[in-house]
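Have the viewer open and follow along.

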Amino acid sequence: MRRARLTLVAIGLLFSGVPAHAQTYDPNYPVCMQIYGPVGYFDCRYTSLEQCRFLAVGRSASCTVNPYFAQKKPAAPRRSRRID
């Protein structure tokens, strides 16, 4: 009887966990807003920290630089081919 009860408690604990949502970063935007709360998440759709901070006012959130932003690298300067 005691063993059955412990088994039921163990099974209940396994199924009572809240499923975690994957943290996603959109690599197309350089700034993300991290929203805090029971269901925290990242919202990466901001083009600047100022834009993100403006929209985060009054919310439980903070703005961070997107670590996965696919920044375009500037092209290497071309050398001119001059014949002397």
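## A buried asparagine and what surrounds it

Let's start with N66, which sits in the segment after β3 (61-65). Keep in mind that this is a predicted model.

Is N66 buried or exposed? Its relative accessible area is 3%, under the 20% cut-off, so N66 counts as buried. The N66 side chain also reaches the backbone nitrogen of Y68, at 2.9 Å. Setting aside neighbours within four places in sequence, N66 touches Y25, D26, P27, Y29, P30, V31, C32 and C44.

V31 from that list leads us into the largest nonpolar core, a set of 7 residues: V31, M33, I35, Y46, C52, A56 and C63. Two elements, β1 (31-35) and α2, each give two or more residues to this core, and β1 supplies the largest share, with 3. As general background, nonpolar side chains in soluble globular proteins tend to be buried together.

Once neighbours within four places in sequence are left out, C52 is in contact with V31, C32, M33, Y46 and C63.

Here are the two contact lists side by side:

| Residue | Contacts beyond four places in sequence |
|---|---|
| N66 | Y25, D26, P27, Y29, P30, V31, C32, C44 |
| C52 | V31, C32, M33, Y46, C63 |

Now for the strands. β1 pairs with β2 (residues 41-46) in the antiparallel sense, over 4 bridges, and I35 stands opposite Y41 in β2. The two strands form a hairpin with 5 residues between them. In that turn, G37 has a positive phi of about 150°.

Zooming out, the protein chain has 2 helices and 3 strands, running α-β-β-α-β from the N terminus on. Of its 84 residues, 14% are buried. Among contacts with a separation of 6 or more, 42% link residues 24 or more positions apart. The accessible surface comes to about 7,800 Å², and carbon and sulfur atoms account for 58% of that.

Confidence is highest in helix α2 (residues 49-56), at a mean of 96, and lowest in helix α1 (residues 2-15), at 64.

Key. Residues numbered from 1 in each chain as written. Predicted model: local features only at pLDDT ≥ 70, side-chain atom pairs only at ≥ 80, totals over all residues. Heavy atoms only, no water. pLDDT = per-residue confidence, 0-100. Buried < 20%, exposed > 50% of the residue type's maximum accessible area, 1.4 Å probe, protein only. Contact = heavy atoms within 4.5 Å. Areas by Shrake-Rupley, 256 points an atom, 1.4 Å probe, with all protein chains shown as cover. Core = buried A, V, L, I, M, F, W, Y, C linked by side-chain atoms within 4.5 Å. Pairing = 2+ DSSP bridges. Polar contact = N/O pair within 3.5 Å; in protein donor to acceptor, adjacent residues only side chain to side chain.
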